[in-house]
Amino acid sequence: MNFHLPGFGVYSASAFHTAPGFSGFGNPSIQRDLGLLYFETPLPPGIVYPSLAGVPLLIGSTVTMVGFGRSGYGDYGYTTLASLTDRRVGQNVVDSLTLDDLGSGLPALFHYDFDAPNTVGVPGGSLGNAVETLIGPGDSGGPLFLFDGSSYALVGVNTFVEGFGGRFGDLGGGVVLEPYLGWIGQTTGLPVPEPTPLALLSLGGLFAWRVRLFSVPPRSR
């Protein structure tokens, strides 16, 4: 299994591990859609790796998404193809979290909506035309980052979109890493911090809160 890393070449993965309990996307759940790859040779030192610091993802968190998938305009939808060279970056705000259906009490899925520019300044509205983003085909499996005040932590994996093909009002989301930190540590042998009781209490208190989702008429982006 070969992977093209833009600017660094092609690297081969010799092993693949899926998260325990994963039985296929949406079969019956979209939870646990997570895998780990083992590369035959070390990745180059020039790559900057985010931390797995166990930073909790909360409703209202501003998150950063990175990918090489399709792009376009909120009033037209996707207009470009995915690319191996055009990396795009944008942000959104977590609107809701779905708890782990195995009973850990941790959030397993995150959700956000793609708001139009006319909602800037409205609670739960857009971050601005140059910032607000939605993933597209080709972005699945890409990282979800959270800035913890000094650096970026990897807190999730972008997985799905719902709606009308990349238009304002569409929804997106993915897998939260927090319930799987123990499995990641056991599989990789790397030290990965476990969620703290304080984080669990914070998440439990915030989960019942919901931000209004905006679905507005398309307009130029």
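These notebook entries record what I looked up in a predicted model.

**Entry: helix α1**
I began with helix α1, which spans residues 181–188. I noted its buried residues as Leu 181, Gly 182, Trp 183, Ile 184 and Gly 185. I then looked up what covers these buried residues, and found that the cover includes β2 (9–18) and β3 (35–39). After α1 comes Gly 189, and I recorded a positive phi for Gly 189, near 80 degrees.

**Entry: nonpolar cores**
Nonpolar side chains tend to be buried together in soluble globular proteins. I therefore looked for such groups here. The largest nonpolar core has 19 residues, and Leu 57, Leu 97, Phe 110 and Leu 144 have the most contacts inside it. At least two residues of this core come from each of β4 (62–67), β9 (107–113), β10 (143–147) and β11 (152–162). I also found a second, separate core of 13 residues, with Ala 19, Val 157, Tyr 180 and Trp 183 among them.

**Entry: Asn 92**
Is Asn 92 buried or exposed? Asn 92 counts as buried because its relative accessibility is 1%, and the cut-off for buried is under 20%. I located Asn 92 in strand β7 (residues 88–93). A polar atom of its side chain lies 3.0 Å from the backbone oxygen of Asp 113. Beyond neighbours within four places in sequence, the contacts of Asn 92 include Thr 62, Met 65, Tyr 112, Phe 114 and Leu 127.

**Entry: Leu 171**
I found Leu 171 in strand β12 (residues 171–176). Leu 171 is partly exposed, at 29% relative accessible area. Leu 171 and Phe 114 are 57 residues apart in sequence, and I noted a C-alpha to C-alpha distance of 6.1 Å.

Notes: Residues numbered from 1 in each chain as written. Predicted model: local features only at pLDDT ≥ 70, side-chain atom pairs only at ≥ 80, totals over all residues. Heavy atoms only, no water. Buried < 20%, exposed > 50% of the residue type's maximum accessible area, 1.4 Å probe, protein only. Helix = DSSP H or I, 4+ residues; strand = E, 2+ residues; numbered from the N terminus. Contact = heavy atoms within 4.5 Å. Core = buried A, V, L, I, M, F, W, Y, C linked by side-chain atoms within 4.5 Å. Polar contact = N/O pair within 3.5 Å; in protein donor to acceptor, adjacent residues only side chain to side chain.
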